[in-house]
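Let us read a protein structure together, feature by feature.

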Amino acid sequence: MIPPLSVIKRFLSTHDLAGKRLVPFITHGGYGIGDSEAVLARLASGARRDAPLIMECDQERRTTETVARWLEAIGT
């Protein structure tokens, strides 16, 4: 049986993001980002990819504050 695609992989493989700005927000539980950036490069090759925000999600307050600062910095 072929495993189902993750929600993100399914989205990326079914939408044309050529020329679109892709701002990755990658969270993990302490195991690192794995192949996240390679997947984005493969499935959204035509997108303009900003440097990702990568966080280990360990504390809600710190996560919220970090995300808010990041969103301000990228101008959203």
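**Reading a pocket and an aromatic pair**

Q: Into which classes do the residues of the lining of the largest pocket divide?
A: This is a predicted model. In it, the lining of the largest pocket consists of 10 nonpolar, two polar and two charged residues.

Q: Which residues lie nearest the centre of the largest pocket?
A: Of the 14 lining residues, those nearest the centre are Ile8, Leu12, Ile26, Ser36 and Leu40.

Q: Which element gives the most to the lining of the largest pocket?
A: Helix 1 does, with four residues. At least two lining residues come from each of helix 1 (7-14), strand 2 (25-28) and helix 2 (36-43).

Q: How many aromatic pairs does the structure hold, and how is such a pair described?
A: The distance of the centres and the angle of the planes describe a pair of aromatic rings. The structure holds one aromatic pair. The ring centres of Phe25 and Trp70 are 5.7 Å apart and their planes are at 25°, so the pair is stacked; planes under 30 degrees apart count as stacked. This pair links distant parts of the chain, since Phe25 is in strand 2 and Trp70 is in helix 3 (residues 60-74), 45 residues apart.

Q: Is Trp70 buried or exposed?
A: Trp70 has a relative accessible area of 15%, so Trp70 is buried. Phe25, with a relative accessible area of 39%, is partly exposed.

Notes
Residues are numbered from 1 along each chain as its sequence is written. This is a predicted model: local features need pLDDT of at least 70, side-chain atom pairs count only at pLDDT 80 or more; totals for chains, interfaces and linings use all residues. Side-chain values use heavy atoms; hydrogens and water are left out. On a 1 Å grid over the protein atoms alone, a cavity is a set of points where a 1.4 Å probe fits but cannot get out, and a pocket is an open set with protein on both sides within 12 Å along at least five of seven lines; lining residues have an atom within 4 Å of a point. Ala, Val, Leu, Ile, Met, Phe, Trp, Tyr, Cys and Pro count as nonpolar, Asp, Glu, Lys and Arg as charged, and the others, Gly among them, as polar. Rings of Phe, Tyr and Trp (its six-membered ring) pair if their centres lie within 6.5 Å; planes under 30 degrees apart count as stacked, over 60 as edge-to-face and the rest as tilted. Buried means under 20% relative accessible area, exposed over 50%, partly exposed in between (1.4 Å probe, protein chains only).
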